[in-house]
Amino acid sequence: MHMRNMLIARLALMMCLAALLVAPGGQDTPMLGFSAERSEIQRSLEAEYDVLLRKDNLRIWMKHMTAKPQHVGSPQAKANAEFMVELFRDWGYEARTEVYHVLFPTPLERHLELLSPASFTARLMEPEVDGDATSGIRENRLPPYNAYSADGDVTGELVYVNQGIPADYDVLARYGVEVRGKIVIARYGGSWRGIKPKLAAERGAIGCILYSDPRDDGFFQGDTYPDGPYRMAHGAQRGSVMDMPLFPGDPLTPGIGATEDAERISRSEAPTLMKIPVLPISWSDAQPLLEALEGPVAPINWRGGLPLTYHIGPGPARVRLKITFDWQLVPAYNVIATLPGAEYPDEWIVRGNHRDAWVFGAQDPISGMVALMEEARVIGELARQGHKPRRTIVFAGWDAEEQGLLGSTEWVEHHANELHQKAVIYINTDSNGRGFLGAGGSHTLERLLNEVAQSVVDPQTGVSVSERQRALRRVRGNTEADTREDLRISPLGSGSDYTPFLQHLGIASLHIGFGGENGGGSYHSAFDSFDYYTRFGDPGFDYGIALAQVAGRLTLRMANAEVLPLRMQNFVDNVGTYVDQVIQLSATLRQETATHNHLIDSGSWALAADPTIPNVLPPKKDEVPHINYAPLRNALETLQESSIAYDRVLAAQVEGLADEQREAVNQVLLRLERSMTRKEGLPGRHWFRHHIYAPGFYTGYGVKTLPGVREALEQRDWDKADTQIEIAAGVLRRVAAEMDRAAALLQP
């Protein structure tokens, strides 16, 4: 029987190798960072890797890990960590848990009541659902709430603020509606949830209610759970409202690891804790509140899918919101599993996914976690067969991600010096579904990601996952899908565990996952369960295997490359678009300002105003001065020259490099992303050090490229814009100098 299985495996391996020879993407050409000989060895290794993947493992592990609620500090969270450590050890890894003690509030009291003009008390709970085996479990289950909301008992008139983003408050101003002293209700969407109460508090609101409107996340999109994948009437989206654009991680230990004996600030000193009480509710609980509002009818784009006329208020709806919390330090168990490199043990390839959830978390995050575990199992098996990675591979299962990237951030801050010296790349996954490969990250890795995507077959269509993504972009009218060799990957803002690696330490990072065809109505609800996922997520775990193929190839290529597979011209091409965008932004602001002021001066404002919004005359805007972009343009030109020179030398020299050359150039490349950071950080938030990518101060997860320059322009702070242009130009020159160093080391 054993011999028969071996013959079947060898036959499957030969078939995979044959498929690779005809697969798209030039599989007969050398891989980036590999000589021709090493490329063939690597392709054979990846084919053998594919043969060993088992999707049944993903199903078995997911069912086991999602059997009970597994939020940080829960018994199941600890049990899952211990379960994973034992598996990793069985697979040949040096595995352990690293424990951090983090602030985690859980609700003691949640009360929301409509006092007038009618009486209604919100249900604030999710029901048991037939066919969902875990939906009736109540023990250790967190109810719908927002972590890091303030305690509070507030009563006031209600105001509907749409999505609660800055543009919505501009509209409210034109209606003459203020939120000072009021309680706001905002629908999810438009920004990360924590921005909504942050903006409300800055404008004087005393409380904030968040709800999921069925137009965005419910019956307007399709059948609701359990008949379909969209959010049901009583489904609510839990989540953190920590002010993460300041810094993620434990609120009481900014900048240092939250070890048991770490020095902590008091809660009253913690700047990332929300200042007003916040509560998430279902649309079923939101409907009576919205029906009780009067005042102006909301603009068309503010109207959701509920069977009512959306009014803004304020009042006559008057509500009471009461929330109290148990503020405790709880243990967060990070699982860290290490496979030492055979040749370069002090160069680390870090591959991570978080494993904690708000409740059961089948899709978010266990769908990504089980793919990582299968990658680790197979890589461990290959190592036992003699295919040890040249560099060290570190697999991580992060805890407490949902509360604000706590587990990963504390580990990065605790090990910052070692990571600065050794970390080559961080490869992140989170949730996974089915459909299209999504990718974001450092643009020096864009070519690598494209090469890998061309070598993995989409399980639904039979073409490469790259070609399927290219077809999607064609359908959406992206002309670059036909004109650019590599598909662009997205720049990264925040929202998952790559943040501390990329934006705090400057470690080149990638974030990948499949999705687009799997609804999403279970997000952060009690219905993100095994039963939901195996019906509507990825029923056959085929895309879990596809994710393991993409991430496994990335990990193995980074671990085994002779020269780290970075391509500089991809990076420079993307940075060039960001420079063009900020230059265009100032031109757009100048034109908008001139038009705005002309309409006011000429008395024509009322004619140009939106007829659905009152014509309240706004103040004139200050003129946009001339902004000198020459330093940025010149630095970009230098960077372009350096990137072309490096890529040309690498293409010519990778075959004949001496060991000392490879080691020297890899040390430069390992730190290339670090040169995009400054220890001073960004204005007003020094934790974020990366000057090419950062989350926006008022977008949360959404990325701002060249963030110092862009946000200065958006804030109309012209002096700051001039300063940030000089700083950004200096960063680009420093990156160019590192490219020149690497090119010089590659010379024969």
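Helix α12, residues 446-454, is mostly covered, since nine of its nine residues are buried. The structure is a predicted model, and its chain averages a pLDDT of 93.

**Helix α12**
- The buried residues of α12 are Glu446, Arg447, Leu448, Leu449, Asn450, Glu451, Val452, Ala453 and Gln454.
- The elements that cover these buried residues include the strands β13 (435-441) and β14 (509-516).
- Helices also take part in covering α12, among them α13 (465-475), α17 (542-560) and α18 (568-601).

**Confidence in the model**
- A pLDDT of at least 70 is reached by 95% of the residues.
- Over residues 1-25, by contrast, pLDDT stays under 50.
- For residues 1-25 the model has 19 contacts beyond four places in sequence.

**Helix α5**
- In α5, which spans residues 166-175, the buried residues are Asp168, Tyr169, Val171, Leu172 and Tyr175.
- Seen down the axis of α5, these buried residues fall within an arc of 155 degrees, so they line one face of the helix.
- Cover for the buried residues of α5 comes from elements that include β4 (152-160), β5 (183-187) and α6 (195-202).
- Gly176 follows α5 and has a positive phi, near 75 degrees.

**Asn666**
- Asn666 lies in helix α21, which comprises residues 659-670.
- With a relative accessible area of 1%, Asn666 falls under the 20% cut-off and is therefore buried.
- Leaving aside residues up to four places away in sequence, Asn666 touches Glu347, Arg391, Glu562, Val563 and Leu564.

**Cis peptide bonds**
- Ser116 and Pro117 are joined by a cis peptide bond with an omega of about 5 degrees.
- Pro117 is located in the loop between β1 (94-116) and β2 (120-121).
- Another cis peptide bond links Gly313 to Pro314, where omega is about 0 degrees.
- Pro314 belongs to the loop between α8 (283-291) and β9 (318-339).

**Positive phi in residues other than glycine**
- Tyr148 is not a glycine, yet its phi is positive, at about 75 degrees.
- The loop between β3 (146-147) and β4 contains Tyr148.
- Tyr148 is buried, and its relative accessible area is 0%.
- Arg716, also a residue other than glycine, has a positive phi near 55 degrees.
- Arg716 is found in the loop that runs between α22 (707-714) and α23 (718-746).

Notes:
Residues numbered from 1 in each chain as written. Predicted model: local features only at pLDDT ≥ 70, side-chain atom pairs only at ≥ 80, totals over all residues. Heavy atoms only, no water. Helix = DSSP H or I, 4+ residues; strand = E, 2+ residues; numbered from the N terminus. Buried < 20%, exposed > 50% of the residue type's maximum accessible area, 1.4 Å probe, protein only. Contact = heavy atoms within 4.5 Å. pLDDT = per-residue confidence, 0-100. Arc of directions from axis to C-beta.
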